[in-house]
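Student: Could you help me learn to read a protein structure? I would like to take one feature at a time.

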Amino acid sequence: MQTCLSKGGGFHFPPCHVLNVCGFRILFDCPLDLSALTIFSPVPTGYRAVVDEKDSDCQPYSTLDSDCVTWKRQKIGKPLDANDLICAVPWYKIVKYLHLWNVSFIDVVLISSPMGMLGLPFLTRIKGFSAKIYATEVTARLGQLMMEDLVSMHMEFRQFYGPEGSTFPRWMEEEELDLRPSALREVVLGKDGAELGGWMPLYSAADVKHCLQKVQTLRYAEEVCYNGKLVIKAFSSGLEIGTCNWSINGPKRDIAFISSSIFVPAHAMSFDYHALQGKDIVLYSDLSSLDTMEGIEDGYSFLTTDSFSTLSWEESAQSLLNTSEHLEEREKLYYLCSCAADSLKASGSVLIPINRLGTFIQLLEQISASLESSSLKVPIYVISSVAEELLAYTNVIPEWLCKERQEKLFSGEPLFAHVELIKDNKLHVFPTVHSPKLLINWQEPCIVFCPHWCLRLGPVVHLLHRWSGDPNSLLVLESGHDAQLALLPFQPMEMKVLQCSFLSGIKLPKILPLLNVLQPKITLLPEDLRQKVRFTNVNPFSVFHYSENKTLIIPSLKDSSELEIATDLAFQFQWRNLKHENMNITRLKGELHVAHGKHWLHSGNKPSKSNSSKSRPLLHWGTPDLETLLSILSKMGINASVEQGVGVEGSKKACIVHVHDPKKALIEIGDTGTVISAVDENLASLIFEAMDSILDGI
């Protein structure tokens, strides 16, 4: 069974699934919907705090009087403005249907990316949660840095508003939500009104530490066995450094979980799709192609298997590895750098709150090279509480990078350009925007990389307040979230805004070639792809479409599990032909071992009996034919008669066979069993042999 809890929302909010494999519940990823933070007002800074206090009714912990209610009701039908945002310590939104599940029933959690790890401390701090958590070494480390940075940036709200209460905040109360504009209410409640329970106060630094202690880290292709039945492996997805897809091998089915993946990334190890070939089931969870339809021409809105049925395996594999996507991404970076250079030449500054590690590294390298060629002498700042650790960590993980980066290591070059930039004093790294060394070093115009892309947390808030009125400055945002709502607190906005969309996964035209290469027996695709990718009868695999919060029953591919039997036990087989079925059956005695998804039967420590000795059946089934039974007993010299009667101990009608000679005995034949009662052991053995000759037994 498979249940999609959330389709997610792009790179920063990956999808979330629950999969039942061999009776074990597996949770894939536990992200946070940080785009929901845009409904909160950022902490006022500098002179803006004074202006806001005069003009805004949204004072922290303000009283709800009748005048305020009337004024707010008048605003509901008007366009959003900064005063509509919630002025309070933010709560954070987890996967919308996860709070409806009893997390104590989750057995395994598989984390595919650092973004899919941000909600994990909410689970690990719940009493009764005992699932085993697996992630790659790099994902665990980058996820830790991201969570620690989130906690650090959140502290600014705590310092401004004071400590958070233990109960629901006022803005979550029904009468307060009714007064909010519909756009904000939908973010809080969701379209179906079921998402209010997904809001939680942020975890602490201690919660993050406790969470990481429960995570077992893996390398790519490293095998780990859960409960002796599931063999779990992680393979590179190419999306980011350390991100992965999952392979799960069980006794009855082998499963491949495909998260957002990139075939030829510019910095991370490539998508290892070869390791996912030949699986019984492919759960396709890359929904990035739903956000953009690039590569699909007008008038050609769907793909069919007819166009790929004639392609060979080699041709399909080759089509996956074309470098056009890589070149498109490079052109985007060139264009972004040219826009940044134009702003710098006009004495404006450039603010880049992009949290993608790979994109950040490439932009840093490209912008520095662009500055060098144009003779622009402006400083580059990276401001984050974890920036120093993050940049240092990227230089000690060469085995997780693409071949081009690894070759730099062998040639003695730094893996990334930021090493030389820091050494040459062209790149400056500081933990906060108020760092004394930063205030001394600060120069404008400049280029600043900092969190956070939601524009509600961290240094970006202070810098936007500073530069939002400068028409020569440039803000670089990533497409995919509501920029109008994100920029609302900084209006009027004179600053130029450039929105860029970066490659976040498998593009639509590559889905069918990928499945043609993987050749699964069953493919699970999101319902949204039904109209985009159409399958015909020529495809060799079955296709099922899943929807959000609906359980999909996956057909069984194997009727039984395989059992490996020791050779010495196999030589002891004494086959018995069943009388009523065309089948041979034998009885075995040994020790059953289950490990790495396989079952073995060993002879154990007890010496086995001689092969010539006939084992006595321990179990019989069926109802004996009375005439045949009396005939066999008569041949044995046993005189018996049949009496119809009522069974005992709740059984239905029973037949009682009285044995008169050579000694008294009783045979009671009921619907649920047959009982032989005799005072003489030899007579009981003869009757048992008679029953054995007419019933199937083992």
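Tutor: Let's start with salt bridges: a salt bridge is a side-chain nitrogen of Lys or Arg within 4 Å of a carboxyl oxygen of Asp or Glu. This is a predicted model, where local features need pLDDT of at least 70, side-chain atom pairs count only at pLDDT 80 or more, and totals for chains, interfaces and linings use all residues. Residues are numbered from 1 along each chain as its sequence is written, and side-chain values use heavy atoms, with hydrogens and water left out.

Student: How many salt bridges does a search of the whole structure find?

Tutor: The search finds 22. One of them joins E137 and R219, whose closest N and O atoms are 3.5 Å apart.

Student: Which parts does that pair tie together?

Tutor: For that we need helices (H or I, at least four residues) and strands (E, at least two), which are DSSP runs numbered from the N terminus. E137 lies in helix α4 (residues 137-161) and R219 in the loop between β8 (215-218) and β9 (224-226), so the pair ties together parts that are 82 residues apart in sequence. In this chain, the secondary structure comes to 21 helices and 35 strands.

Student: Are E176 and R180 buried or exposed?

Tutor: Buried means under 20% relative accessible area, exposed over 50%, and partly exposed in between (1.4 Å probe, protein chains only). E176 is buried, at 4%, and R180 is buried too, at 10%. These two form a salt bridge, with the closest N and O atoms 3.4 Å apart. R530 is partly exposed at 37% relative accessibility, and E527 is partly exposed at 29%. Across the chain, buried residues make up 49% of the 698 residues.

Student: What is a nonpolar core, and which residues have the most contacts inside the largest one?

Tutor: A nonpolar core is a set of buried Ala, Val, Leu, Ile, Met, Phe, Trp, Tyr and Cys residues joined through side-chain atoms within 4.5 Å. The largest here has 74 residues, and W246 and F449 have the most contacts inside it. A contact means heavy atoms within 4.5 Å. Leaving out residues up to four places away in sequence, F449 touches several residues, including I352, F360, L363 and Y381. Apart from that core lies another, of 62 residues, with L27, M117, M153 and L212 among them.

Student: How are two packed helices described?

Tutor: By the angle between their axes and the distance between the axes. Axes are lines fitted to C-alpha atoms, for helices over the stretch in contact, and angles run from 0 to 180 degrees between N-to-C directions. Here, helix α20 (residues 626-635) and helix α21 (residues 681-694) pack at an angle of about 135°, with their axes 10 Å apart. Angles under 35 degrees count as roughly parallel, over 145 as roughly antiparallel, 65 to 115 as roughly perpendicular and the rest as oblique. The helices α20 and α21 are therefore oblique to each other.

Student: Which residues meet between α20 and α21?

Tutor: From α20 come T628, L629, I632 and L633, and they meet I687, A690, M691, S693 and I694 in α21. Now look at L695, in the loop between α21 and β35 (696-697). L695 is buried, with a relative accessible area of 7%. L695 and T623 are 72 residues apart in sequence and 7.4 Å apart in space, C-alpha to C-alpha.
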